[in-house]
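Here's a quick tour of a protein model, going from a few individual residues out to the overall build. Have the structure open as you read.

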Amino acid sequence: MAKKSIALDANGKPKFGIRDKLAYAAGDLGCNMSFSLKSTVQTFWLVYMTLETGLLSLLLLLVQTWDAVNDPLLGTLIDHDRRTYKHGKFKTYIFIGACGLLFGGAAVFLPFPGAPTLVKAMLFIVGYVIWDAFYTIANVPYGSLLSLISSDPADRASLSAWRSIGSMIGNMLPMVLLPMLIWEKAVWDGTTDFLSKIEIPKEFTTEQFLTNPETGAAYQLGEKILSPVTGKQVEILRGDVVFWAALIMGILGFLCFLFMLKNITIRVDESTVKTSEEGAQGSLFSAFGKFMRNRPAVGCTLAAMGMFLGMNAASTANTIMFATYFNMASLSGVVQMIGFLPMLLFMPFITKIVKKYGKKEASVFGTVASLVGSAVMFLFPLFDSKTGLIVFLLALVIYGLGMGIYTCVSWAMMSDAIDYNEWKYGVREEGTVYALHSFFRKLAQGIGPSAVLLIMGLLGYEAKYGTIAQTAQTSYNMCWLVAGLYAFSALLQFIGLAVIYNLDKKTLEQMNAELTQRHSCEG
């Protein structure tokens with residue numbers, strides 16, 4: 001049977017098609033097999049490794065600061081690499097990063113809960129820096145690869161959409177499956193292993209922890225282990241399983257990267273594409289001043305920071321809440337996915353929504369919905385845990401529906417902010433705007449979770465007790481903290497998009513018309 005011929009473009013390269021789209025989607029799936037572990041890092045080091053909240057907050061802030069510096073440093077390194085590679089510079093760097101991520105993700109989950117605090121701190125920093133470096137080596141050139149696959153704007157838009165699909169799958173799979181694998185409800189097996197994972201509160205004896213509070217007798221084989229503090233079944237984080245799960249995710253991510261590298265075609269000269277932002281040159285104060293006078297850019301950035309504060313900063317408090325209040329940590333990922341799925345509803349209709357109502361108008365309506373959802377969320381701690389869970393789910397769905405609109409148009413709004421700068425001040429300054437937007441997003445990703453850990457400590461959470469012996473009041477406090485974080489997130493998004501961002505539909509049409517006329521005159 002004759003081999004099917006491959007259609008070629010004018011340059012003799014295979015024509016752009018579904019193979020490129022699937023391959024590019026697989027690349028972001030591979031990236032997110034690693035990136036999605038970030039939500040587990042804090043929980044692992046807080047609950048299993050029992051690092052004190054203040055210390056973990058400081059360490060997290062330290063490594064996230066490195067994370068913010070890491071991208072431009074490695075991006076510049078790649079840009080200035082003039083060596084010739086057999087498979088091209090970008091593919092080579094992605095392959096190196098993918099190889100590192102085989103073990104890099106697992107490096108931050110080395111399970112040594114009995115190690116001295118100083119050793120734990122060193123393990124955390126070294127493991128995180130190694131992991132983050134390899135992730136950046138893979139992810140930064142991967143993002144730039146989009147511009148190398150095709151020069152056609154329609155092809156690039158299609159690749160961007162397929163990247164979103166790969167990203168969603170890569171986030172949702174670990175979000176749902178990982179908690180099921182790493183959390184277990186404690187059952188008496190005749191040993192006291194679970195006691196070795198905590199420091200028993202002074203007001204309790206070991207015998208009290210080994211006595212069933214419902215029967216008043218010693219536990220029998222197979223009985224549920226109940227916390228003498230809250231009376232609920234104990235849920236234990238299986239730290240050794242976290243390590244192996246991270247390793248497996250590294251292998252799956254590596255296979256996704258290999259599929260991408262094998263099936264994607266580079267059609268654009270690599271020397272024409274940069275991975276680092278070179279527009280944000282000059283003094284920091286000058287760049288910051290230019291950024292702050294661009295209202296759409298500032299509004300978008302504040303909204304993005306709010307989104308990350310709600311989704312990322314709340315993740316650890318959310319997990320602790322599910323473990324100690326709802327007593328279902330293993331299903332916490334499923335619940336979060338229920339809140340995440342409504343965002344997908346808008347993807348097929350977002351073009352029609354934007355065309356009819358405008359990006360700003362639709363996004364502001366979404367932030368109002370998120371504010372309503374966060375208001376409903378404040379009600380769930382007022383009910384018992386079963387009814388409260390239903391109220392929490394309802395609030396999360398409303399919140400997710402609202403945020404879904406902005407998620408779909410966020411980068412398009414940033415593109416409009418670039419045009420606004422040219423419209424108002426005569427210069428585009430893509431580098432300055434994108435670099436500072438990225439910096440503030442990273443800042444929210446670092447400061448948010450770090451601050452939440454400190455707040456958790458102030459609200460009574462004691463790391464040495466894990467999830468076994470936290471007080472009922474502490475678990476109750478986590479509910480209010482989660483609701484407060486989501487409300488704060490929605491409020492920042494509303495302020496950013498409704499108050500600061502000033503490109504409504506009418507203004508945007510005027511801006512585009514004037515820019516088109518200006519460009520035609522210049523041409």
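Predicted model: local features only at pLDDT ≥ 70, side-chain atom pairs only at ≥ 80, totals over all residues.

Asn327 sits in the loop that links α10 (295-324) to α11 (332-340). Its phi is near 60 degrees, a positive value for a residue that isn't glycine.

Thr50 also has a positive phi without being a glycine, with a value near 50 degrees. You'll find Thr50 in the loop between α2 and α3 (53-79). At 24% relative accessibility, Thr50 comes out as partly exposed.

## Ser36, between α1 and α2

Now head to the loop between α1 (18-35) and α2 (38-48), where Ser36 is located. Is Ser36 buried or exposed? Its relative accessibility is 9%, so Ser36 goes down as buried.

The Ser36 side chain reaches back to the backbone oxygen of Asn32, at 2.6 Å. Leaving out residues up to four places away in sequence, Ser36 touches Gly170, Asn171, Pro174 and Met249.

## Ala487, in helix α16

Ala487 belongs to helix α16, which covers residues 472-500. With a relative accessible area of 17%, Ala487 is buried.

Which residues does Ala487 touch, not counting those up to four places away in sequence? They are Leu371, Ser374 and Phe378. Gly306 is 181 residues from Ala487 in sequence, yet their C-alpha atoms are 9.7 Å apart in space.

## The whole fold

Zooming out, the protein has 17 helices and two strands. Its radius of gyration is 25 Å, close to the 24 Å that the globule rule gives for 523 residues, so the protein is as compact as a globular protein of that length. Along the principal axes, the C-alpha atoms fill a box of roughly 85 × 55 × 55 Å.

Of the 523 residues, 53% are buried. Take the contacts with a separation of 6 or more: 83% of them join residues 24 or more positions apart.

## Surface and charge

Technical notes. Residues numbered from 1 in each chain as written. Heavy atoms only, no water. Helix = DSSP H or I, 4+ residues; strand = E, 2+ residues; numbered from the N terminus. Rg over C-alpha atoms; globule rule 2.2 N^0.38 Å. Buried < 20%, exposed > 50% of the residue type's maximum accessible area, 1.4 Å probe, protein only. Contact = heavy atoms within 4.5 Å. Polar contact = N/O pair within 3.5 Å; in protein donor to acceptor, adjacent residues only side chain to side chain.
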